[in-house]
Amino acid sequence: MKTSFYLLIFSLLVETVGCAQDLPSDTPTESFPSRLLPSLHPIGNNQELVTSSITYNSSLEPNNWFNTNMGKAELGQISTESNPISMVAFGGGLTAGVMNGGLYREGQQFAYPNLVAHQMGISDFQSPLFSEEEANGTGFLVLNSSKGTPPSWRKVENNLAKEELGNPPSISPFNSLVHNYGVPEGLVDALFVKLGVNNTLKFQPYLWRIIPKEVNREQSMLEFAKDKTPYNFVLYEDYFDGFIRGILNTPGINLYSFYGPASLNTGPSIANDRILGEIFYKGSKGVLFTIPRYQDLAMMRWFPVNSDNQAVKDALKAYKPQFVDDKTKPVYLLPTSNVVKLFQGQSISLTDGDIITAFEESLSDPEWEGGHNSQIRAQAKKHGFALVDLSLIYHKINQGNFLTDDGVKIDGSIYGNFFSSDGIYPGPIGHAVIANEVIKAINKAYSSKIPLINITQFAETIK
């Protein structure tokens with residue numbers, strides 16, 4: 001009964017997060033003004049599933065939570081009088097606070113590094129927030145309340161950040177120092193790249209919000225962080241953005257293997273001593289993260305292969321692999337234009353880029369015995385870092401087996417309380433769940449006593 005009551009609270013919160021004022025419903029999607037930066041939402045520019053544009057003014061109150069006095073945290077081995085804690089966060093979209101397929105102020109405020117810093121009593125932890133005037137940042141998509149298969153979305157287009165032409169384009173910079181260096185679309189490359197080496201990387205517009213473009217000619221992000229915000233404690237989450245990009249954008253996963261360090265176009269792995277030594281410099285302590293399996297993302301349930309749609313059945317039956325003799329059946333349909341058209345009843349021939357077969361699934365599992373996650377776990381153990389096992393956490397959520405410490409059931413379904421509308425990155429409740437897992441890992445590794453977030457109280461405070 002208690003769990004059911006809490007689920008009701010969070011269902012209401014999910015509705016509140018998506019609450020917005022609709023523009024006229026007959027606004028044609030073709031009239032939406034285009035943006036220079038590509039969408040961070042996996043549905044991308046498939047306008048068929050974007051039904052209208054809306055005006056979004058957040059009704060959530062993150063400052064109500066951040067102004068709450070949490071008491072003094074005991075930081076154990078992390079901090080001493082002679083060496084007080086100075087924390088930074090490196091990572092991709094999860095760390096940056098990407099939410100609902102966009103980077104915007106509300107998502108940035110609720111990003112797990114900010115929540116962790118608050119629980120640790122770190123009052124000066126700074127994220128590169130968009131201004132209130134540009135609060136909706138890149139823009140994002142809000143799920144329609146009608147729960148169809150596949151889902152559909154509405155596009156937020158008010159109070160967007162200014163973009164400027166370029167190769168790549170740029171977006172409004174943040175003109176102060178930061179401690180959250182999370183960069184959407186970033187890989188480990190984002191920490192080391194300098195302007196002039198390659199000027200067309202997807203993460204650079206977000207990197208240049210944090211580091212002035214002209215400074216990036218001389219300093220990488222890691223060099224800049226060490227110079228401007230020297231640190232001794234690191235939250236390091238990376239590789240997940242590249243993994244998902246590889247899954248979504250690699251036609252013919254069966255040509256590759258995720259087992260190697262640069263497979264599926266994901267770039268180099270962080271799981272080696274040289275890279276970790278450069279990040280965790282001068283004996284810095286911190287946290288490493290495994291990456292979730294894509295099978296546990298809500299996005300993978302948008303287009304079910306067991307659909308009753310006859311066009312889908314016909315296309316799956318007729319599918320033939322293009323690149324290799326893969327005799328296994330498709331087990332997942334990806335959010336591509338072809339798949340969208342299929343679910344609209346059109347007759348479409350599926351390509352290798354539209355599906356994942358059972359054989360491809362076996363090639364792209366970060367839980368393979370010698371794969372990325374096992375390497376991360378080994379490095380955390382070797383160096384004594386705290387470990388947040390996102391792979392296990394997301395799997396438990398997907399299986400419906402995750403209860404918070406205060407008894408809240410976390411729902412990883414499309415319309416649940418964990419994921420945002422992009423089906424990849426969490427919403428505010430999801431970030432609070434991850435923040436608690438970070439805190440638990442830190443307390444275990446460093447004998448600290450950092451208080452957990454009471455998820456019920458958090459939800460009630462911010463709404």
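Helix 15 (residues 390–398) has five named positions in its buried set: Leu 390, Ser 391, Ile 393, Tyr 394 and Ile 397. Viewed down the helix axis, these buried residues fall within an arc of 165°, so they line one face of helix 15. The model is a predicted one. The points below cover this helix and the aromatic contacts.

**Helix 15**

- An α-helix has 3.6 residues a turn, so residues three or four places apart point the same way.

**Aromatic pairs**

- The structure contains 19 aromatic pairs.
- One of them joins Tyr 56 and Phe 140: the ring centres are 5.1 Å apart and the planes stand at 80°, so this pair is edge-to-face.
- Tyr 56 is in the loop between strand 2 (50–55) and helix 2 (62–66), and Phe 140 is in the loop between helix 5 (112–120) and strand 4 (141–143), so the pair ties together parts 84 residues apart in sequence.
- Tyr 56 and Phe 140 are both buried.
- Phe 90, Tyr 181, Tyr 231, Tyr 236 and Tyr 281 are linked into a cluster by ring pairs.

**Charge over a ring**

- Arg 209 places its charged end over the ring of Phe 130, 3.8 Å from the ring centre.

How values were computed: Residues are numbered from 1 along each chain as its sequence is written. This is a predicted model: local features need pLDDT of at least 70, side-chain atom pairs count only at pLDDT 80 or more; totals for chains, interfaces and linings use all residues. Side-chain values use heavy atoms; hydrogens and water are left out. Buried means under 20% relative accessible area, exposed over 50%, partly exposed in between (1.4 Å probe, protein chains only). Helices (H or I, at least four residues) and strands (E, at least two) are DSSP runs, numbered from the N terminus. The arc is that of the directions from the helix axis to the C-beta atoms. Rings of Phe, Tyr and Trp (its six-membered ring) pair if their centres lie within 6.5 Å; planes under 30 degrees apart count as stacked, over 60 as edge-to-face and the rest as tilted. A charge sits over a ring if NZ of Lys or CZ of Arg is within 6 Å of the ring centre and within 35 degrees of the ring normal.
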